[in-house]
Amino acid sequence: MKKGISMAVLAFTACAFLAGCNKKSGASSEAAASAAKTIVDHTGTQVTIPANVERVVISSLLPLPSVYCLYMGGPKKLVGMHPSSKAAAVNSYLSTCYPEIKDIDSHFVKGSTVSVEELLALKPDLILYNAGNQEEREIFDSIGIPAVGFSTNIAGFNTIETYAQWITLLGEIFGQTKRSDEIIEYGRSVNEMVKSRTASLSENEKPVCLFLYACEANSITTYGGNMFNQYWIETCGGKNASFDLKGSASINMEQIYQWNPDKIFITNFTPALPEDLYTNAIGTYDWSSIKAIQNKEVYKNPLGMYRWAPPSSDTPLALQWFAKQIHPELFSDIDMDAEIKSYFKKFYGVELTDENLNDIYHPARAASGK
């Protein structure tokens, strides 16, 4: 987006605001002030927002729409969401539970850039975005729309605590509820249960695990030790093969041969499936000598209300699922079918069928958005 356009929009917005202020009486100004409140977002910024938010856009924080729907009981007031969030939504149970999410606009993001014109057309009175995306924040500030940043590293990539912090901030925006307390407490109880069972494992008892963020014909991408995969693997009693890397990192097969992981997890950000690795169906890669391939220990992350890799509304379920894959003997008593059905009934108010469960365990390639 050209700066000239942004500045023109800013000038127009500022002029309109000032013109409106000049017409207001002192009494109406006081009324306007009482109709707003100030919160502190995850960037440490004080943000003044409407006391009663009516039109919400969720931008660059891709998992947040699922957490928002969990908190709000559906996509109430949501008028815009990122295209990648929508790709996950329409190919997950989120759209089955809340069909109206299929109609939420996602055209305000073009590639990786926010279109100011498309965004303004949605007439949002609040934007929720990734606190690390400073470029977006500058756009939102320039057009005068309140924007609240949600951080992905506020809890050191602990997915349970990140999820809890997102729900807490949603509560500050929309009002705390007993429901939000129950959601947070359940997640923390699952975290403590899993940690208590894996705490005494020796290093030799911890399988080497590799997350594949993407696996395509010309590139393979993993996460380093400062990402959410570290929390899943470490908490569930494994060793992260890519611990020494940082962020989202490109790797090659030679590196994977050296790591020789015991277990491989494929995220929902890529169309790749376990059978693609078992049959060497992607590019010219040869996976056949890897232990995880030989022992059929390649797992596609499930897709419930969102992708099970970053924090999401299904985070407590994801933690139990990862634990069962990494140490099935320690978590043999956990019935994932029953856990998922119970969670969905309690927090989403829906009854899952066995067919629904199958869809969650076997997500469509299209859910990657690629």
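Lysine 300 lies in strand 15, residues 298-300. Strands here are DSSP E runs of at least two residues, helices are H or I runs of at least four, and both are numbered from the N terminus. This is a predicted model, in which local features need pLDDT of at least 70 and side-chain atom pairs count only at pLDDT 80 or more, while totals for chains, interfaces and linings use all residues. Residues are numbered from 1 along each chain as its sequence is written, and side-chain values use heavy atoms, with hydrogens and water left out.

Lysine 300 is buried yet has no salt bridge. Buried means under 20% relative accessible area, exposed means over 50%, and partly exposed lies in between (1.4 Å probe, protein chains only). A salt bridge needs a side-chain nitrogen of Lys or Arg within 4 Å of a carboxyl oxygen of Asp or Glu. The nearest side chain of opposite charge belongs to aspartate 276, 7.4 Å away. For charge, Lys and Arg count as positive and Asp and Glu as negative; His and the chain ends are not counted.

Which backbone oxygens lie by the polar side-chain atoms of lysine 300? One is that of threonine 267, at 2.9 Å. Another is that of alanine 272, at 2.7 Å. Lysine 300 also touches a set of residues that includes Ile266, Pro274, Trp321 and Pro363, not counting residues up to four places away in sequence. Contact means heavy atoms within 4.5 Å.

Four strands form an open sheet in the order 12-9-14-15, with parallel pairing. Strand 12 (239-240) and strand 15 are the edge strands, each pairing on one side only. Two strands pair if DSSP finds at least two bridges between them. Strand 14 (residues 263-266) is joined to strand 15 by three bridges, in the parallel sense. Within strand 15, valine 298 stands opposite isoleucine 264. Helix 14 lies across strand 9 (208-212), strand 14 and strand 15. This helix runs at about 150 degrees to strand 14. Axes are lines fitted to C-alpha atoms, for helices over the stretch in contact, and angles run from 0 to 180 degrees between N-to-C directions.

Leucine 303 is found in the loop between strand 15 and helix 14 (315-326). Leucine 303 counts as buried because its relative accessibility is 2%. Its contacts include Ala88, Asn91, Asn268, Asp359 and Pro363, not counting residues up to four places away in sequence. The C-alpha atoms of leucine 303 and isoleucine 173 are separated by 27 Å, with the two residues 130 apart along the chain.

A second open sheet has three strands in the order 10-11-13, and the pairing is antiparallel. Its edge strands are strand 10 (214-216) and strand 13 (248-251), each pairing on one side only. Neighbouring strands of this sheet are turned by 25 degrees against each other on average, direction ignored.

A hairpin joins strand 10 to strand 11 through two residues. Three bridges pair these two strands, strand 10 and strand 11. Four bridges join strand 11 (residues 219-223) to strand 13. Four of the five residues of strand 11 are buried, so this strand is largely enclosed by the rest of the structure. The table lists residue partners in this sheet.

| Residue | Partner |
|---|---|
| Cysteine 215 | Isoleucine 220, strand 11 |

**Loop residues**

Serine 60 lies in the loop between strand 3 (56-58) and helix 3 (64-72). Is serine 60 buried or exposed? At 15% relative accessibility, serine 60 counts as buried. Its side chain makes a polar contact with the side chain of glutamate 136, at 2.9 Å. A polar contact is a pair of N or O atoms within 3.5 Å; within protein, one must be able to donate a hydrogen and the other to accept it, and residues adjacent in sequence count only if both atoms are side-chain atoms. Serine 60 also touches residues including His82, Tyr129 and Asn133, not counting residues up to four places away in sequence.

Most residues other than glycine have a negative phi. Lysine 123 has a positive phi, near 55 degrees. Lysine 123 is found in the loop between helix 6 (116-121) and strand 7 (126-130). Lysine 123 is exposed, with a relative accessible area of 63%. Phenylalanine 157 also has a positive phi, near 65 degrees. Its loop runs between strand 8 (147-150) and helix 8 (159-174). Phenylalanine 157 counts as buried, at 17% relative accessibility.
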